[in-house]
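Please open the model in your viewer and keep the sequence beside it, ready to select residues by number.

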Amino acid sequence: MVPSFRPNPARRVKTISPLLILALGIIFSLTGCGGGGGGGSPTPETNFAPASINGRTLVFQDPDITGVSTTYTFTAANYTTTGGDSGGYTYTRNEAVRHTATLQIASSFSPVLNYQLTFTSTAGGTFLDTASSKTSTFTIR
C-alpha cells in the first residue's frame, strides 16, 4: 500500500496566518488604512471670509425695514457710506472658525457698530449686530 499524502489544514493556517498579518500590515501602512492611496494632501477648504476688506464694498440689509440697506466702501484705514458718513473700522477674520469675521465701525455721528459676519459664500452672508442681537444679510463686492 502506498501512503497517501494529506495536508494538515491546521498546520497550513498556522503558516499562512503570520504571512497574512504581515501582508495586511504592509498594505495598510502604505495606503493609510484604506485612505485611498495617493498619499497627497487633502484639498484645503476655501474660507469665504476675505483676509481684508480694503477696496471692498459691503451692503448691509436693515434687519427691521425690508428693502432698506446701508452701503459701506472700505479703504485701508477708513470707510464711507453713500449717505455721507465716514470713519474708522476694524475688520478681523476669525481663523479658528472658518467663514466668520468681526467688523467694528466707528463713526463720529453714531455709536460704534459691532457686527459678527458669517460668510455663506464669497458674495456675502449673514450678520449679527451684537448690540441689538438683530440679524440680517449682507453682500460684498
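Select Thr71 to begin: with a relative accessibility of 15%, Thr71 counts as buried, where buried means under 20% relative accessible area, exposed means over 50%, and partly exposed lies in between, with a 1.4 Å probe and protein chains only. This is a predicted model, in which local features need pLDDT of at least 70 and side-chain atom pairs count only at pLDDT 80 or more, while totals for chains, interfaces and linings use all residues. Residues are numbered from 1 along each chain as its sequence is written, and side-chain values use heavy atoms, with hydrogens and water left out.

Thr71 lies in strand β2, and here helices (H or I, at least four residues) and strands (E, at least two) are DSSP runs numbered from the N terminus. Leaving aside residues up to four places away in sequence, show the residues that Thr71 touches, which are Thr57, Leu58, Val59, Thr80, Thr81, Thr82 and Arg141; a contact means heavy atoms within 4.5 Å.

Next, select the strands β1 and β2, which run antiparallel and are joined by five bridges, bearing in mind that two strands pair if DSSP finds at least two bridges between them. Within this pair, Thr57 stands opposite Thr73 in β2.

Now select β5 (residues 100-107), which pairs with β4 in the antiparallel sense over eight bridges, and find Tyr89 opposite Ile105 in β5. The hairpin of β4 and β5 has five residues between the strands, and His99 there takes a positive phi near 70 degrees.

Which residues lie nearest the centre of the largest pocket? Select Asp62, Pro63, Thr70, Tyr115 and Phe127, which belong to a lining of 15 residues. On a 1 Å grid over the protein atoms alone, a pocket is an open set of points where a 1.4 Å probe fits, with protein on both sides within 12 Å along at least five of seven lines, and lining residues have an atom within 4 Å of a point. The elements that give two or more residues to this lining are β1 (57-61), β2 (69-74), β6 (113-121) and β7 (124-129), and β2 gives the most, with three residues.

For a last stop, select Ser133, which lies in the loop between β7 and β8 (134-140). Is Ser133 buried or exposed? Ser133 is exposed, because its relative accessible area is 55%. The C-alpha atoms of Ser133 and Tyr115 are separated by 9.6 Å, and these residues are 18 apart along the chain.

Finally, zoom out to the protein chain, which has one helix and eight strands, and where buried residues make up 23% of the 141 residues.
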